[in-house]
Amino acid sequence: MSSLADQLAASIQGLVAAAIEKGELTGSAPESIVLERPKNRDHGDYATSIALQLAKAAGKNPREVATLLQGAIEQLPGVSKVDIAGPGFINITLDRANQAELVRAILSSGATYGYGQSLKGVAVNLEFISANPTGPLHLGHTRWAAVGDALGRVLKAAGAKVTQEFYINDRGRQMDLFGQSVQAAALGNPIPEDGYQGEYIKELAKIVVAENPGIATSEDFREAAYRVQLAEQQAVLETFHTKFDIWFSERSLHDSGAVDHGMEKLREQGHVFEQDGAVWLRTTDFGDDKDRVLIKENGELTYFASDTAYYINKRERGSDICIYMLGADHHGYIHRLRAVAACAGDNPDYNIHVLIGQLVKIMEGGEEVKLSKRAGTIITLAELVEKVGVDAARYTLIRYPVDTPMVMDIDILRSNTNENPVYYVQYAHARIAAVLRNVAELGIPTGLDHFDPAQLNHDRENQLLGTLAEFPRVVAQAAELREPHRVARYLEELAGVYHGFYADCRVLPLGDEAIAPIHSARANLCAATMQVIANGLDLLGVSAPERM
RNA sequence: GCGCCUGUAGCUCAGUCGGAUAGAGCACCCGCCUUCUAAGCGGGUUGUCGCUGGUUCGAUUCCAGCCAGGCGCGCCA
């Protein structure tokens with residue numbers, strides 16, 4: 001389903017091509033024409049600068065070019081007026097009744113309004129969080145838990161086939177230290193140097209001992225505590241509405257032979273070499289600043305070897321695009337991972353996409369809460385949710401682009417005020433729900449056969465319709481750029497426009513006023529708005545309450 | 001030294017195929033509920049878009065260099 005704006009843009013492109021054909025213009029027609037929504041509402045519903053772009057090649061004044069196109073654009077269906085402004089902008093005003101047909105489209109599409117096909121048929125592997133199963137998920141993981149899950153939903157809405165995946169780092173030295181730490185806690189011994197110090201280690205020790213009487217070796221402690229800790233992470237993410245299709249164990253990568261297989265594949269591609277007794281991957285062929293070791297001199301595999309094998313494994317499982325979401329402290333991995341893709345014979349500009357999330361600071365009571373990754377004072381995902389709730393936590397983390405560092409103020413998130421944007425959006429939804437309850441009670445007919453689009457000609461209604469029309473574009477762009485925050489920002493704008501409409505356009509009959517077509521029309525407009533807010537919040541994994 | 005990210009209003013931040021007078025919230029001031037949810041709406045005040053050049057009809061946006069801040073650069077995991 002293409003939007004009205006897309007249809008218009010295509011039509012205008014046809015007109016430009018025709019003008020060139022007829023010799024009225026010289027130069028080549030652009031591949032596509034962009035219709036933008038002018039900031040200033042006096043500039044119509046849509047505007048294009050196409051005349052300014054064409055003027056030079058045509059050897060004409062931009063306003064002349066615009067004038068040339070003006071008449072033909074005016075004849076297009078759904079267009080009521082075309083103005084030329086400034087240096088040569090073409091401002092288009094839509095026919096209002098025609099625009100109001102959008103309400104019908106939204107209500108019949110329902111929960112899928114806004115969904116598109118831009119990534120149809122593309123299989124995306126979305127890996128995020130991927131924590132060690134050696135402790136609770138903390139604030140850094142939480143940003144990805146929210147953004148990653150929202151991005152997955154957005155990509156699906158754009159038609160992609162998405163696999164959300166959590167890579168469990170359950171192999172290596174950190175796991176051994178973890179086992180030794182839990183064992184020490186259970187026996188009342190001091191935690192080893194470099195071990196895990198947090199309070200939760202003691203709790204794990206108690207659980208492990210209770211469930212496994214007679215447990216003795218640090219390996220057994222490691223395995224038992226691993227299971228408990230992983231289950232806890234899974235449970236917390238469940239409450240945070242973050243879902244994974246696959247929990248992928250690093251161990252399984254080795255056990256299944258996938259690492260050997262990956263290594264073999266890289267050898268075939270000719271980028272593996274030996275030096276100083278170790279086996280290397282020549283990542284510097286593809287932009288990395290140094291080559292990377294796959295097998296150490298002592299014969300052990302590096303963590304990097306797992307990474308490469310895992311990438312190859314994802315691709316062989318059918319993923320076209322592998323998206324990695326990493327913390328800022330891992331940004332050194334960008335070139336490395338892209339080089340891995342290139343070494344495997346892939347196109348790093350298409351098959352792999354590394355997103356880097358900057359750090360999250362958390363403020364409470366005017367002071368920064370310090371984070372310490374493996375020691376005591378960790379703010380965990382569970383604690384954050386306990387403080388502010390799932391909706392506020394998710395929404396706040398999602399509404400900023402991930403490449404900017406962000407500050408979460410616990411005090412603001414706790415407050416039910418306008419400073420807290422999630423309430424602003426949810427309130428709009430609840431407000432509409434209340435209006436529609438009243439509509440039903442008064443018996444105002446709302447079926448689409450009672451919907452007369454010509455009733456909607458107030459400026460506020462027009463503005464609301466224009467904003468609703470943008471939603472599919474926003475979703476497509478959020479998917480394309482991997483930026484779910486765009487959906488959140490759009491919802492804030494939509495909520496604002498609705499509140500403005502609500503202030504000026506009464507939906508229910510006033511006093512003993514008779515029920516008229518305008519009431520049905522507005523009720524349907526409200527229902528359409530509610531649908532779009534609900535769809536948008538769903539893409540963020542945030543609830544859309546009927547009452548607040 | 002190399003690499004990634006950031007620099008927009010007093011504060012927190014939006015703003016990508018380059019567009020018209022650079023936006024929002026908070027804060028500050030003033031209005032609006034005896035009929036739809038005031039967690040709302042309307043109005044007022046606030047800017048060398050880090051700096052310097054380049055590209056062009058036009059640059060906060062693209063390019064180069066510089067300045068400032070954050071983070072990282074192991075045969076660790």
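Because the model is predicted, local features are reported only at pLDDT of at least 70 and side-chain atom pairs only at pLDDT 80 or more, whereas totals for chains, interfaces and linings use all residues. Residues are numbered from 1 along each chain as its sequence is written, chains are lettered from A and ligands numbered from 1 in the order in which they are written, and side-chain values use heavy atoms, with hydrogens and water left out.

Chain A is divided into domain 1 (4–94), domain 2 (128–255 + 365–414), domain 3 (259–357) and domain 4 (418–540), the bounds being taken from an automatic or database domain assignment. Taken over C-alpha atoms, the centres of domain 1 and domain 3 are separated by 48 Å.

Helix H11 covers residues 303–316; helices (H or I, at least four residues) and strands (E, at least two) are DSSP runs, numbered from the N terminus. The expected span of a helix is 1.5 Å times one less than its number of residues, and for the 14 residues of H11 this gives 20 Å, in agreement with the 20 Å between its end C-alpha atoms. Eleven of these 14 residues are buried, so H11 is largely enclosed by the rest of the structure; buried means under 20% relative accessible area, exposed over 50%, and partly exposed in between (1.4 Å probe, protein chains only). Among the buried residues of H11 are Phe 304, Asp 307, Tyr 310, Tyr 311 and Lys 314. Just after the helix, Gly 318 takes a positive phi of about 110°.

Ile 246, in strand E6 (residues 246–249), is partly exposed, with a relative accessible area of 27%. Leaving aside neighbours within four places in sequence, Ile 246 is in contact with Thr 163, Gln 164, Glu 165, Phe 166 and Arg 317, contact meaning heavy atoms within 4.5 Å. Although Ile 246 and Phe 166 are 80 residues apart along the chain, their C-alpha atoms are separated by 6.4 Å. Thr 396, in helix H14 (residues 390–398), counts as buried at 7% relative accessibility and, when residues up to four places away in sequence are not counted, touches Met 406, Met 408 and Leu 413.

Positive phi values also occur at residues that are not glycine, including Ile 129, at about 70°, and Asp 194, at about 65°.
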